[in-house]
Amino acid sequence: MAEHKTVDQVEAGELERPVTARKGAGTPEEHLLIVRDDRHCRVDDIPRWWMNNDPVATAWYNSVSASLPRGEAFFVETMRYFKDHVPPRMAQELRSFIRQEVNHSREHIAFNRMAQDHGYDIESIDKGIREMLALTEGRDIELNLAVTITLEHFAACISHELLSDPRYLEKADPRVAEMWRWHSAEEIEHKGITYDVWTHATRDWTAWRRWKVKALIGGLITLKYFKNRRKDAYHLMAQDGIGPVRARWELFRHLWIEPGMMRKMLPAVLSQFLPGFHPWKHDNRKLIGLYESPYSDAVMPAE
(Lines give C-alpha, C1' and ligand atoms only; values in the text may rest on other atoms or scores of the structure.)
Protein backbone atom coordinates (compact mmCIF):
# COMPACT_ATOMS: atom_id res chain seq x y z
CA MET A 1 0.00 0.00 0.00
CA ALA A 2 1.30 3.48 -0.85
CA GLU A 3 2.47 5.84 1.88
CA HIS A 4 -0.45 7.83 3.21
CA LYS A 5 -0.06 11.55 3.84
CA THR A 6 -2.31 14.36 4.89
CA VAL A 7 -2.61 17.35 2.59
CA ASP A 8 -0.46 19.39 5.00
CA GLN A 9 2.30 16.82 4.76
CA VAL A 10 2.06 16.86 0.99
CA GLU A 11 2.18 20.64 0.74
CA ALA A 12 4.30 21.64 3.74
CA GLY A 13 6.28 18.50 4.43
CA GLU A 14 4.84 18.07 7.92
CA LEU A 15 1.60 17.64 9.82
CA GLU A 16 0.69 20.80 11.72
CA ARG A 17 -2.35 19.55 13.66
CA PRO A 18 -5.48 17.54 12.92
CA VAL A 19 -8.59 19.09 11.43
CA THR A 20 -10.97 19.83 14.30
CA ALA A 21 -14.71 20.23 14.22
CA ARG A 22 -16.05 23.64 13.30
CA LYS A 23 -18.66 25.31 15.46
CA GLY A 24 -22.07 24.20 14.21
CA ALA A 25 -20.65 21.38 12.08
CA GLY A 26 -21.21 17.70 12.67
CA THR A 27 -17.79 16.38 11.63
CA PRO A 28 -16.04 14.63 14.54
CA GLU A 29 -13.23 16.42 16.33
CA GLU A 30 -9.69 15.56 15.25
CA HIS A 31 -10.93 13.86 12.11
CA LEU A 32 -8.27 13.67 9.41
CA LEU A 33 -8.66 13.44 5.67
CA ILE A 34 -5.73 11.42 4.36
CA VAL A 35 -4.48 11.72 0.78
CA ARG A 36 -3.68 8.14 -0.27
CA ASP A 37 -2.05 8.47 -3.67
CA ASP A 38 -2.56 4.82 -4.65
CA ARG A 39 -2.54 3.31 -8.14
CA HIS A 40 -4.72 0.39 -9.17
CA CYS A 41 -5.66 -1.83 -12.14
CA ARG A 42 -2.62 -1.02 -14.28
CA VAL A 43 -2.31 -4.62 -15.48
CA ASP A 44 -3.74 -6.45 -18.48
CA ASP A 45 -4.70 -9.81 -16.95
CA ILE A 46 -7.78 -8.80 -14.93
CA PRO A 47 -10.69 -10.99 -16.09
CA ARG A 48 -13.69 -9.59 -17.97
CA TRP A 49 -16.06 -10.67 -15.19
CA TRP A 50 -13.81 -9.52 -12.40
CA MET A 51 -16.59 -9.45 -9.78
CA ASN A 52 -17.08 -13.04 -8.58
CA ASN A 53 -16.99 -14.27 -12.21
CA ASP A 54 -20.50 -12.82 -12.40
CA PRO A 55 -21.49 -10.72 -15.44
CA VAL A 56 -24.41 -9.13 -13.55
CA ALA A 57 -22.40 -7.92 -10.55
CA THR A 58 -19.59 -6.86 -12.87
CA ALA A 59 -22.03 -4.85 -15.00
CA TRP A 60 -23.37 -3.01 -11.96
CA TYR A 61 -19.95 -1.95 -10.65
CA ASN A 62 -18.69 -1.15 -14.15
CA SER A 63 -21.73 1.10 -14.56
CA VAL A 64 -20.97 2.88 -11.30
CA SER A 65 -17.30 3.29 -12.21
CA ALA A 66 -18.08 4.65 -15.66
CA SER A 67 -20.16 7.41 -14.06
CA LEU A 68 -17.48 8.54 -11.64
CA PRO A 69 -14.76 10.52 -13.46
CA ARG A 70 -17.11 13.17 -14.85
CA GLY A 71 -19.14 13.24 -11.65
CA GLU A 72 -16.06 13.67 -9.49
CA ALA A 73 -14.82 16.47 -11.75
CA PHE A 74 -18.15 18.19 -11.11
CA PHE A 75 -17.71 17.77 -7.34
CA VAL A 76 -14.21 19.23 -7.50
CA GLU A 77 -15.33 22.21 -9.58
CA THR A 78 -18.23 22.90 -7.23
CA MET A 79 -16.21 22.60 -4.04
CA ARG A 80 -13.30 24.60 -5.40
CA TYR A 81 -15.62 27.59 -5.70
CA PHE A 82 -16.00 27.67 -1.92
CA LYS A 83 -12.34 27.34 -0.94
CA ASP A 84 -11.99 31.09 -0.44
CA HIS A 85 -15.40 31.48 1.19
CA VAL A 86 -15.13 29.15 4.18
CA PRO A 87 -13.17 29.29 7.48
CA PRO A 88 -9.48 28.29 7.22
CA ARG A 89 -9.79 24.88 8.87
CA MET A 90 -12.74 23.97 6.67
CA ALA A 91 -10.76 25.19 3.66
CA GLN A 92 -7.93 22.84 4.63
CA GLU A 93 -10.30 19.90 4.73
CA LEU A 94 -11.84 21.02 1.46
CA ARG A 95 -8.42 20.94 -0.19
CA SER A 96 -7.91 17.39 1.03
CA PHE A 97 -11.31 16.45 -0.40
CA ILE A 98 -10.31 17.85 -3.78
CA ARG A 99 -7.04 15.93 -3.82
CA GLN A 100 -8.81 12.71 -2.91
CA GLU A 101 -11.42 13.19 -5.62
CA VAL A 102 -8.82 13.98 -8.27
CA ASN A 103 -7.10 10.70 -7.39
CA HIS A 104 -10.40 8.81 -7.51
CA SER A 105 -11.14 10.20 -10.96
CA ARG A 106 -7.70 9.20 -12.22
CA GLU A 107 -8.04 5.64 -10.95
CA HIS A 108 -11.53 5.14 -12.34
CA ILE A 109 -10.37 6.43 -15.72
CA ALA A 110 -7.78 3.65 -15.63
CA PHE A 111 -10.40 1.13 -14.51
CA ASN A 112 -12.83 2.24 -17.22
CA ARG A 113 -10.09 1.87 -19.82
CA MET A 114 -9.69 -1.72 -18.64
CA ALA A 115 -13.43 -2.31 -19.13
CA GLN A 116 -13.16 -0.90 -22.63
CA ASP A 117 -10.22 -3.21 -23.32
CA HIS A 118 -12.56 -6.06 -22.40
CA GLY A 119 -14.78 -4.91 -25.26
CA TYR A 120 -17.44 -3.01 -23.30
CA ASP A 121 -18.91 0.13 -24.83
CA ILE A 122 -19.17 2.63 -21.99
CA GLU A 123 -19.24 5.85 -23.99
CA SER A 124 -23.01 6.15 -23.63
CA ILE A 125 -22.64 6.05 -19.82
CA ASP A 126 -20.30 9.02 -19.81
CA LYS A 127 -22.63 10.81 -22.22
CA GLY A 128 -25.56 10.27 -19.86
CA ILE A 129 -23.64 11.74 -16.92
CA ARG A 130 -22.61 14.70 -19.05
CA GLU A 131 -26.23 15.34 -20.03
CA MET A 132 -27.44 15.05 -16.42
CA LEU A 133 -24.82 17.47 -15.13
CA ALA A 134 -25.53 19.87 -17.99
CA LEU A 135 -28.85 20.55 -16.26
CA THR A 136 -26.91 22.31 -13.50
CA GLU A 137 -25.25 24.82 -15.83
CA GLY A 138 -26.27 28.40 -15.08
CA ARG A 139 -27.87 27.42 -11.79
CA ASP A 140 -27.01 28.93 -8.42
CA ILE A 141 -23.85 27.42 -6.99
CA GLU A 142 -25.79 26.32 -3.90
CA LEU A 143 -27.91 24.04 -6.10
CA ASN A 144 -24.78 22.45 -7.55
CA LEU A 145 -23.58 21.97 -3.98
CA ALA A 146 -26.89 20.26 -3.13
CA VAL A 147 -26.32 17.86 -6.06
CA THR A 148 -22.81 17.21 -4.75
CA ILE A 149 -23.88 16.40 -1.19
CA THR A 150 -26.58 14.06 -2.51
CA LEU A 151 -24.24 12.03 -4.70
CA GLU A 152 -21.51 12.05 -2.05
CA HIS A 153 -24.02 10.69 0.45
CA PHE A 154 -25.01 7.91 -1.96
CA ALA A 155 -21.32 7.09 -2.47
CA ALA A 156 -20.70 7.02 1.29
CA CYS A 157 -23.61 4.60 1.76
CA ILE A 158 -22.22 2.22 -0.88
CA SER A 159 -18.77 2.55 0.67
CA HIS A 160 -20.10 1.66 4.11
CA GLU A 161 -21.57 -1.54 2.73
CA LEU A 162 -18.42 -2.55 0.85
CA LEU A 163 -16.18 -2.08 3.90
CA SER A 164 -18.53 -3.35 6.61
CA ASP A 165 -19.21 -6.69 4.92
CA PRO A 166 -16.16 -8.27 3.24
CA ARG A 167 -18.40 -10.82 1.49
CA TYR A 168 -19.22 -8.27 -1.23
CA LEU A 169 -15.67 -8.32 -2.56
CA GLU A 170 -14.15 -11.52 -1.19
CA LYS A 171 -14.48 -13.38 -4.52
CA ALA A 172 -13.62 -10.39 -6.70
CA ASP A 173 -10.27 -10.07 -8.43
CA PRO A 174 -8.12 -8.92 -5.48
CA ARG A 175 -6.55 -6.05 -7.41
CA VAL A 176 -9.92 -4.58 -8.31
CA ALA A 177 -11.27 -5.25 -4.82
CA GLU A 178 -8.39 -3.26 -3.37
CA MET A 179 -9.30 -0.27 -5.57
CA TRP A 180 -12.90 -0.29 -4.37
CA ARG A 181 -11.82 -0.59 -0.73
CA TRP A 182 -9.37 2.29 -1.12
CA HIS A 183 -12.02 4.45 -2.74
CA SER A 184 -14.60 3.47 -0.13
CA ALA A 185 -12.32 4.38 2.79
CA GLU A 186 -11.82 7.87 1.42
CA GLU A 187 -15.52 8.33 0.59
CA ILE A 188 -16.34 7.59 4.23
CA GLU A 189 -13.49 9.79 5.39
CA HIS A 190 -14.65 12.90 3.52
CA LYS A 191 -18.40 12.30 3.73
CA GLY A 192 -18.93 15.28 6.04
CA ILE A 193 -17.03 18.08 4.30
CA THR A 194 -19.53 18.71 1.50
CA TYR A 195 -22.31 18.95 4.07
CA ASP A 196 -20.28 21.27 6.30
CA VAL A 197 -19.64 23.54 3.31
CA TRP A 198 -23.36 23.40 2.47
CA THR A 199 -24.27 24.42 6.02
CA HIS A 200 -21.81 27.31 5.88
CA ALA A 201 -22.87 28.43 2.39
CA THR A 202 -26.55 28.48 3.37
CA ARG A 203 -26.05 29.89 6.88
CA ASP A 204 -28.30 32.87 6.05
CA TRP A 205 -31.14 30.64 4.84
CA THR A 206 -33.99 29.60 7.09
CA ALA A 207 -33.93 26.00 8.29
CA TRP A 208 -37.08 25.35 6.23
CA ARG A 209 -35.54 26.65 3.00
CA ARG A 210 -32.34 24.69 3.55
CA TRP A 211 -34.25 21.45 4.18
CA LYS A 212 -36.67 22.03 1.29
CA VAL A 213 -33.96 22.62 -1.32
CA LYS A 214 -31.80 19.78 -0.04
CA ALA A 215 -34.72 17.33 0.08
CA LEU A 216 -36.00 18.25 -3.37
CA ILE A 217 -32.59 18.03 -5.03
CA GLY A 218 -31.73 14.93 -3.00
CA GLY A 219 -34.84 13.06 -4.07
CA LEU A 220 -34.57 13.97 -7.74
CA ILE A 221 -30.86 13.26 -8.08
CA THR A 222 -30.91 10.00 -6.07
CA LEU A 223 -33.74 8.58 -8.17
CA LYS A 224 -32.22 9.74 -11.46
CA TYR A 225 -28.75 8.45 -10.64
CA PHE A 226 -30.00 5.04 -9.53
CA LYS A 227 -32.29 4.77 -12.56
CA ASN A 228 -29.41 5.57 -14.90
CA ARG A 229 -27.06 3.09 -13.21
CA ARG A 230 -29.62 0.32 -13.74
CA LYS A 231 -30.16 1.31 -17.36
CA ASP A 232 -26.43 1.36 -18.01
CA ALA A 233 -25.96 -2.00 -16.28
CA TYR A 234 -28.64 -3.48 -18.57
CA HIS A 235 -26.72 -2.06 -21.53
CA LEU A 236 -23.50 -3.71 -20.34
CA MET A 237 -25.25 -7.03 -19.70
CA ALA A 238 -26.70 -6.94 -23.21
CA GLN A 239 -23.11 -6.82 -24.48
CA ASP A 240 -22.61 -10.14 -22.69
CA GLY A 241 -25.64 -11.63 -24.42
CA ILE A 242 -28.02 -11.33 -21.47
CA GLY A 243 -31.56 -10.58 -22.64
CA PRO A 244 -33.66 -7.74 -21.16
CA VAL A 245 -36.02 -9.90 -19.08
CA ARG A 246 -33.20 -11.89 -17.49
CA ALA A 247 -31.12 -8.73 -17.04
CA ARG A 248 -33.87 -6.98 -15.09
CA TRP A 249 -34.53 -9.95 -12.85
CA GLU A 250 -30.87 -10.77 -12.20
CA LEU A 251 -29.96 -7.18 -11.38
CA PHE A 252 -32.99 -6.83 -9.10
CA ARG A 253 -32.00 -10.03 -7.32
CA HIS A 254 -28.40 -8.86 -6.96
CA LEU A 255 -29.28 -5.40 -5.62
CA TRP A 256 -32.33 -6.15 -3.50
CA ILE A 257 -32.24 -9.84 -2.51
CA GLU A 258 -28.76 -11.39 -2.40
CA PRO A 259 -26.36 -9.88 -1.56
CA GLY A 260 -28.95 -7.07 -1.52
CA MET A 261 -26.77 -3.99 -1.14
CA MET A 262 -29.56 -1.55 -2.06
CA ARG A 263 -31.97 -3.14 0.41
CA LYS A 264 -29.41 -2.92 3.19
CA MET A 265 -28.36 0.65 2.51
CA LEU A 266 -31.84 2.09 1.85
CA PRO A 267 -32.37 3.38 5.43
CA ALA A 268 -29.02 5.19 5.29
CA VAL A 269 -29.85 6.69 1.88
CA LEU A 270 -33.22 7.94 3.15
CA SER A 271 -31.70 9.41 6.31
CA GLN A 272 -30.61 12.45 4.29
CA PHE A 273 -34.24 13.62 4.30
CA LEU A 274 -34.47 13.82 8.09
CA PRO A 275 -34.42 17.31 9.63
CA GLY A 276 -31.09 17.93 11.31
CA PHE A 277 -29.32 15.27 9.24
CA HIS A 278 -25.55 15.24 9.09
CA PRO A 279 -23.47 12.36 7.62
CA TRP A 280 -21.39 12.05 10.79
CA LYS A 281 -24.43 11.33 12.94
CA HIS A 282 -23.53 7.81 11.83
CA ASP A 283 -19.93 7.64 12.99
CA ASN A 284 -18.37 4.78 11.04
CA ARG A 285 -14.74 5.90 11.17
CA LYS A 286 -13.84 2.40 12.35
CA LEU A 287 -14.31 1.23 8.78
CA ILE A 288 -11.41 3.41 7.65
CA GLY A 289 -9.17 1.64 10.14
CA LEU A 290 -10.61 -1.65 8.95
CA TYR A 291 -9.44 -0.89 5.42
CA GLU A 292 -5.98 0.09 6.62
CA SER A 293 -5.55 -3.02 8.78
CA PRO A 294 -4.87 -6.55 7.50
CA TYR A 295 -8.34 -6.91 6.02
CA SER A 296 -8.87 -10.64 6.45
CA ASP A 297 -7.90 -10.39 10.13
CA ALA A 298 -10.13 -7.41 10.95
CA VAL A 299 -13.48 -7.91 12.62
CA MET A 300 -16.07 -5.18 13.07
CA PRO A 301 -17.85 -5.24 16.43
CA ALA A 302 -21.60 -5.79 16.37
CA GLU A 303 -23.55 -2.56 16.52
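**Helix α9 and its surroundings**

**View 1. Span of helix α9.** Helix α9 has 14 residues and reaches 19 Å from its first C-alpha to its last, close to the 20 Å expected at 1.5 Å a residue; the expected span is 1.5 Å times one less than the number of residues. Helices are DSSP runs of H or I with at least four residues, and strands are runs of E with at least two, numbered from the N terminus. The model is predicted: local features need pLDDT of at least 70 and side-chain atom pairs pLDDT 80 or more, whereas totals for chains, interfaces and linings use all residues. Residues are numbered from 1 along each chain, and side-chain values use heavy atoms, without hydrogens and water.

**View 2. Buried side of α9.** Ala247, Glu250, Leu251, His254 and Leu255 are buried in α9 (under 20% relative accessible area, 1.4 Å probe, protein chains only; exposed is over 50%, partly exposed in between). They lie on the same side of α9, because their arc around the axis is only 120 degrees, taken from the directions from the axis to the C-beta atoms. An α-helix has 3.6 residues a turn, so residues three or four places apart point the same way.

**View 3. Packing partners.** The buried residues of α9 pack against α2 (55-81), α8 (207-238) and α10 (261-270), with contact meaning heavy atoms within 4.5 Å.

View 4. Trp249 belongs to α9 (residues 244-257) and, at 46% relative accessibility, counts as partly exposed.
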